[in-house]
Amino acid sequence: MAQYFEYKKPRWAPPARLFAPVWTVLYILIAVSFGYIGYSFFTGSIALIIMLPFLLNLVFNFAFTTILFRFHNFTLAAMDVLLVLVTLVWALIAIYPIAPWVTYINVPYLAWTSFATILQLTVTTMNRKR
């Protein structure tokens, strides 16, 4: 992630040192809530259509770092972070009638992902090769 320092960023971008503690807290919340979803699916309490957006969200979330920092593909990273946001919203809406606490516990993840989406779209624009 050393490349993060080389990218052009807006003045309002958080310092790099903030990302690790924020993601540590978020991954704990994600592990608890998404773990519950996985358990519920495997015990037959929820259908695949409820679990699907959670699975897709994890795939897109974990792909982001590789896309941006290994492949340095800003456009694909911007598309990916949009998919993280869309699948998260889909997941939280889908699970709300069954387990509202899962939606509530993921509000910080939703807030950070919304901010990260705006940040990545801005960084993508600022680092566009002309």
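I will go from the whole chain to a few single residues.

One point before we start. This is a predicted model.

Let's take the overall picture. The chain has five helices and zero strands. Read along the sequence, that gives the pattern α-α-α-α-α. The C-alpha trace spans about 50 × 25 × 20 Å along its principal axes. There are 130 residues in the chain, and 40% of them are buried.

Which residues make the nonpolar patch? They are Leu 48, Ile 49, Leu 52, Leu 55 and Trp 90. Together they cover about 440 Å². Helix H2, residues 48–70, gives the most to this patch, with four residues.

Look at one of them, Leu 55. Leu 55 sits in helix H2. Its relative accessible area is 37%. A patch residue needs over 30%. So Leu 55, at 37%, passes that cut-off. Leu 55 still counts as partly exposed, because exposed means over 50%.

Next, the aromatic rings. How many aromatic pairs does a search of the whole structure find? The search finds 13. Here is one of them. Trp 23 and Tyr 27 form a tilted pair. Their centres are 5.0 Å apart, with 35 degrees between the planes. Why two numbers? A pair of aromatic rings is described by the distance of the centres and the angle of the planes.

Both residues of this pair lie in helix H1, residues 19–42. Trp 23 and Tyr 27 are four residues apart, about one turn of the helix. Tyr 27 is partly exposed, with a relative accessible area of 32%. The pair also belongs to an aromatic cluster. The cluster holds Trp 23, Tyr 27, Phe 34, Phe 54, Phe 62 and Tyr 109.

Now we go inside. Find helix H4, residues 100–105, and pick Val 102. Is Val 102 buried or exposed? Val 102 is buried, because its relative accessibility is 0% and buried means under 20%. Leave aside neighbours within four places in sequence. Val 102 then contacts Ser 33, Tyr 36, Ile 37, Phe 54, Leu 92 and Ile 95.

Val 102 and Val 22 are 80 residues apart in sequence. In space they are 19 Å apart, C-alpha to C-alpha.

Thr 103 is in helix H4 too. Thr 103 has 13% relative accessibility, so Thr 103 also counts as buried. Not counting residues up to four places away, Thr 103 touches Leu 92, Ile 95 and Tyr 96. Leu 92 and Ile 95 are also among the contacts of Val 102.

Last stop, helix H5, residues 107–126. Thr 117 lies there. At 3% relative accessibility, Thr 117 is buried. What does its side chain reach? The side chain of Thr 117 reaches the backbone oxygen of Thr 113, at 2.7 Å. Beyond residues up to four places away, Thr 117 touches Val 81, Leu 82 and Leu 85.

Methods
Residues are numbered from 1 along each chain as its sequence is written. This is a predicted model: local features need pLDDT of at least 70, side-chain atom pairs count only at pLDDT 80 or more; totals for chains, interfaces and linings use all residues. Side-chain values use heavy atoms; hydrogens and water are left out. Patches are made of residues with over 30% relative accessible area and no salt bridge: like charges are joined within 9 Å, nonpolar side chains (Val, Leu, Ile, Met, Phe, Trp, Tyr) within 5 Å. Accessible areas come from the Shrake-Rupley method with a 1.4 Å probe; for residues, only the protein chains shown count as cover. A salt bridge is a side-chain nitrogen of Lys or Arg within 4 Å of a carboxyl oxygen of Asp or Glu. Helices (H or I, at least four residues) and strands (E, at least two) are DSSP runs, numbered from the N terminus. Buried means under 20% relative accessible area, exposed over 50%, partly exposed in between (1.4 Å probe, protein chains only). Rings of Phe, Tyr and Trp (its six-membered ring) pair if their centres lie within 6.5 Å; planes under 30 degrees apart count as stacked, over 60 as edge-to-face and the rest as tilted. A polar contact is a pair of N or O atoms within 3.5 Å; within protein, one must be able to donate a hydrogen and the other to accept it, and residues adjacent in sequence count only if both atoms are side-chain atoms. Contact means heavy atoms within 4.5 Å.
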